[in-house]
Amino acid sequence: MSVPALQAFKQAFHSAKTHLNNAGLAPISRPARDKLCLWADYFYQDGYFSDAEYAAECEQVRHNLALLIGCSPSRVAFFSSTAVAISQVAFSFPLGPRDEVLMFDQEYGSNLFPWREACLRSGALLRLVPSGRDLSAPLDALLGAISAKTRVVAISSVQYQSGAVADLDGLVKACRDRGIFVCVDAMQSIGLMPMDMDALGLDAVAGGSHKWLTSPVGVGYLGVSERLANLLKPLSVGAQSYGSCDLPTQEVCELKVDLSRLEPGSKASAEIIALGASVEMIQNTGVVNILSEVERLANRLCQGLLVAGYRLLCTHGQDAPVRGSIVNFGPGATSKRRTNIDIIDALNGVGIRAVLRGGGVRLSPHAFNSDEDIETALFALR
Ligand SMILES: Cc1ncc(COP(=O)(O)O)c(C=O)c1O
């Protein structure tokens, strides 16, 4: 490994356990942990004396997160999860009975259910587009489903079961001239794959803290385009939708102009500040360096699995180069482990947690993993 920043990244994680379900819940980085401890102490010792400082730190995180996703900080808002961020968009998007929302039939619930419920309430139709073989997410299938009624395409940048990567550029090109909004659940890619939402022309990018951003559970975020920002009305309101807690409460008041108007009150500040520490570390490492290391490790895993007789259930790793981290596999004709449960048990036996997803077993290395981690998994399966 030649990039010193990547070396530093690897050293910023606790290594007593083998973490290979990072598409589920990644360990938090040491900088994130240190910030959490620091702020726990500040809040313990300083109370109100920390008031201005924590608010300023949260704003710095908003700024850095905006850089990471390619959007202006004035168009970024914090929530408690991806689901809440997507719900904010879905429930305040002006849908009506003649409208359609499109997504793949394999979307995660935090993307599926907000849009499904928004369609039910507004009378719009949610059209689920059939995925391709091995849960691929082919652009052609989405484009073929677009009609004059389509108002929104709401898809994941990376699908959580198969790791299928969306062609967002192709999608936006097809949607732009038809006035269709493209909203992305980017939970499985932010921190792992480069994202420049304004350059791509995406309308919404939503995600959360606890996977590829290696920070505590409990922070969601949303970045939106100008045109979507102009449409969004807050689902919840409170003192901070209008101003700060120090402004007098009065009946006549104006909503904030920037997207922080969607944050009605106090935020999960310690978690947001910890997220900021990981975001900074990721920016210093370089997302492209993280991605190439992840793909190297995922490819090593795929090739080892194939040699050991397992069947890959994702569209990459065998006939196509690995993209991203997610490796989904199951027993093959000559594999030692004969069922998915056998596979999970064997991995458990060497201290590795894996999950059942989409008909197979999912493993998902991060750039802090080592070659030995991959070999430990393969050893259990050979
Ligand atoms: C594609 C995708 N979106 C979102 C999430 C997390 O959603 P939330 O933050 O609402 O728990 C996951 C987690 O598994 C996911 O895979």
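A crossover is right-handed if, with the strands pointing away from the viewer, the path from the first strand over the helix to the second runs clockwise. Helices (H or I, at least four residues) and strands (E, at least two) are DSSP runs, numbered from the N terminus. The structure is a predicted model, in which local features need pLDDT of at least 70 and side-chain atom pairs count only at pLDDT 80 or more, while totals for chains, interfaces and linings use all residues. Residues are numbered from 1 along each chain as its sequence is written.

**Figure 1. The β-α-β unit of E4, H7 and E5.** Strand E4 (residues 150-156), helix H7 (residues 168-176) and strand E5 (residues 181-185) form a β-α-β unit that is right-handed. E4 and E5 run parallel and are joined by 5 bridges; two strands count as paired if DSSP finds at least two bridges between them. Within this pairing, Ser156 has Asp185 of E5 as its bridge partner. E4 also pairs with strand E2 (residues 100-104), in the parallel sense and over 3 bridges. There, Leu102 stands opposite Val153 of E4. Of the 7 residues of E4, 6 are buried, so the strand is largely enclosed by the rest of the structure. A residue is buried if 20 or more other C-beta atoms lie within 10 Å of its own, exposed if 12 or fewer, and partly exposed in between, with C-beta atoms placed from the backbone.

**Figure 2. Helix H4 and its covering elements.** Helix H4 (residues 82-92) is mostly covered, with 8 of its 11 residues buried. The buried residues are Thr82, Ala83, Ala85, Ile86, Ser87, Gln88, Val89 and Ala90. Their cover includes strand E1 (76-79), helix H5 (109-122), E5, strand E6 (204-208) and strand E7 (220-224).

Figure 3. Gln88, which lies in helix H4, is buried, with 25 other C-beta atoms within 10 Å. Two residues are in contact if their C-beta atoms, placed from the backbone, lie within 7 Å. Leaving aside neighbours within four places in sequence, Gln88 is in contact with Phe79, Leu222, Leu232, Leu235 and Leu262. Gln88 and Leu235 are 147 residues apart in sequence, yet their C-alpha atoms are 6.2 Å apart in space.

**Figure 4. The largest nonpolar core and Tyr221.** A nonpolar core is a set of buried Ala, Val, Leu, Ile, Met, Phe, Trp, Tyr and Cys residues joined through C-beta atoms within 7 Å. The largest one has 112 residues, and those with the most contacts inside it are Ala204, Tyr221 and Leu222. Helix H11 (residues 269-285) gives the most to this core, with 9 residues. Domain 1 (4-24 + 287-381) and domain 2 (32-284) both give residues to the core, so it lies between them. When neighbours within four places in sequence are left aside, the contacts of Tyr221 are Leu65, Val76, Ala77, Phe78, Phe79, Ala85, Ala206 and Gly207.

**Figure 5. The contact between the two domains.** The chain is divided into domain 1 (4-24 + 287-381) and domain 2 (32-284), with bounds that come from an automatic or database domain assignment. The C-alpha centres of the two domains lie 28 Å apart. The contact takes 22 residues from domain 1 and 19 residues from domain 2. On the side of domain 1 that touches domain 2, helix H1 (4-11) and helix H12 (287-307) each supply at least two residues. H12 gives the most to that side, with 5 residues.

**Figure 6. Two loop residues with positive phi.** Leu135 is not a glycine but has a positive phi of about 55°. Leu135 lies in the loop between strand E3 (125-129) and helix H6 (139-145), and is buried, with 23 other C-beta atoms within 10 Å. Thr214, also a residue other than glycine, has a positive phi near 40°. Thr214 is placed in the loop between E6 and E7 and counts as buried, with 31 C-beta neighbours inside 10 Å.

**Figure 7. The setting of the close-ups in the whole chain.** The chain contains 14 helices and 11 strands. Along its principal axes, the C-alpha trace spans about 70 × 60 × 35 Å. Of the 382 residues, 47% count as buried. Among contacts between residues at least 6 apart in sequence, 73% join residues at least 24 apart.
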